[in-house]
Amino acid sequence: MAPPLRKDADEHDETGTRRPSRRSLLAGVAAFGALGAAGCSRVPTAAAGVEGGDLLDRLKAQGVARLGIAGEVPFGYIDTNGELTGEAPELAKVIFKRLGVERVQPVPTEFGSLIPGLGSQQFDVVSAGMYINPERCEQVIFSDPDYQMKDAFIVRKGNPKGLHDYADIVDKKAKFATGTGYAEIAYAVEAGYKESDILIVPDQVAGLNAVEAGRADVFAGTALTVREVVKKSAKAEATEPFAPLVDGKPHVDGGGFAFRPTETRLRDAFNAELRKLKESGELFRILGPFGFTRDEMTDMTAKELCRG
């Protein structure tokens, strides 16, 4: 999601980032993650002298890849049955199996800890639908995006203040809320909203509650998370998706998988399988059950998104 916020470990969404995404743990996920992480040893860094890294070979040998997730529906989370699911983990299961890695194991953490956790070997890949942006590309390497996404708002039923984009929020002096580390913070600031006036809440559920209770006029998030969270609300609705402005131009984000910079062989092999899934239409069949539409399928590349 958008222009830089803070360039530090605060990352879910976000490294202080330019557009990038979201996330907080669902109840009970942290405990599950602690058990999962304790049950496996850390994978050592790429062997010296192995061009492109040897992680793929080691994952094949051990038969499991550890996925860093951030407990955000529908991107990557543990469901009510204690099972790993979400668009990114389900896609990872398919691709890693094709690469010869039989299973995946979740390592839940906060969104802001995903990139640091990847770097410290807590897991092998970030599988959380993470937005690809220039700031993050300085720290990790990304697969090509498996989806593209616009923003949307949660507003009171009937949208009484007529809020359709960030300029409307500024012009109408609306009480604005968004999630911890969300790229939407930067989008609002770029439109002229004072950052210190933004109500920061943990996630989209807390955002919905803030709007329903009147503590905020609007909550900004990804179009997908917003439309999913308002489905059962009697007091709030989602606006139509829109592209926020970055440097005065409409911007559409794309999310993908993050790898350690040394592991280009794994990233490239992952991308090759992802391209096959896109060409066959299987990618949409995997993502569709999580609320993604055909409009959110994309041919963008990580290289494009890393340029900003």
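The following dialogue examines a predicted model through questions and answers.

Modeller: This is a predicted model in which local features need pLDDT of at least 70 and side-chain atom pairs count only at pLDDT 80 or more, while totals for chains, interfaces and linings use all residues. Residues are numbered from 1 along each chain as its sequence is written, and side-chain values use heavy atoms, with hydrogens and water left out.

Biologist: How far apart are the sulfur atoms of Cys137 and Cys306?

Modeller: A disulfide is a pair of cysteine sulfur atoms within 2.5 Å. A search of the whole structure finds 1 disulfide. Cys137 and Cys306 form a disulfide, and the distance between their sulfur atoms is 1.9 Å.

Biologist: Which helices hold the two cysteines, and how many residues apart are they?

Modeller: Helices (H or I, at least four residues) and strands (E, at least two) are DSSP runs, numbered from the N terminus. Cys137 belongs to helix 5 (residues 134-137) and Cys306 to helix 12 (residues 302-307). The pair thus links distant parts of the chain, 169 residues apart.

Biologist: Is Cys306 buried, partly exposed or exposed?

Modeller: Buried means under 20% relative accessible area, exposed means over 50%, and partly exposed lies in between (1.4 Å probe, protein chains only). Because its relative accessibility is 27%, Cys306 counts as partly exposed.

Biologist: Which residues touch the most other members of the largest nonpolar core?

Modeller: A nonpolar core is a set of buried Ala, Val, Leu, Ile, Met, Phe, Trp, Tyr and Cys residues joined through side-chain atoms within 4.5 Å. The largest such core has 54 residues. Those touching the most other members are Leu67, Leu91, Phe96, Ile154, Phe257, Leu266 and Phe292.

Biologist: Which residues does Phe292 touch, not counting residues up to four places away in sequence?

Modeller: Contact means heavy atoms within 4.5 Å. With that exclusion, Phe292 touches Pro74, Phe75, Glu87, Tyr147, Met149, Leu224, Arg227, Phe284, Leu287 and Met297.

Biologist: How many salt bridges does the structure hold?

Modeller: Side chains of opposite charge can pair when their charged atoms come close. A salt bridge is a side-chain nitrogen of Lys or Arg within 4 Å of a carboxyl oxygen of Asp or Glu. The number of salt bridges in the structure is 11.

Biologist: Which residue forms a salt bridge with Arg98 at 2.8 Å?

Modeller: Arg98 is partly exposed, because its relative accessible area is 40%. Its closest N and O atoms in this pairing are 2.8 Å apart, and the partner is Glu282.

Biologist: Which peptide bond is cis?

Modeller: Pro74 is found in the loop between strand 1 (64-69) and strand 2 (77-78). With omega near 5 degrees, the cis bond runs from Val73 to Pro74.

Biologist: Is Lys173, with its positive phi, buried or exposed?

Modeller: Phi of Lys173 is near 50 degrees, although the residue is not glycine. Lys173 lies in the loop between helix 6 and strand 9 (176-179). Because its relative accessible area is 71%, Lys173 is exposed.
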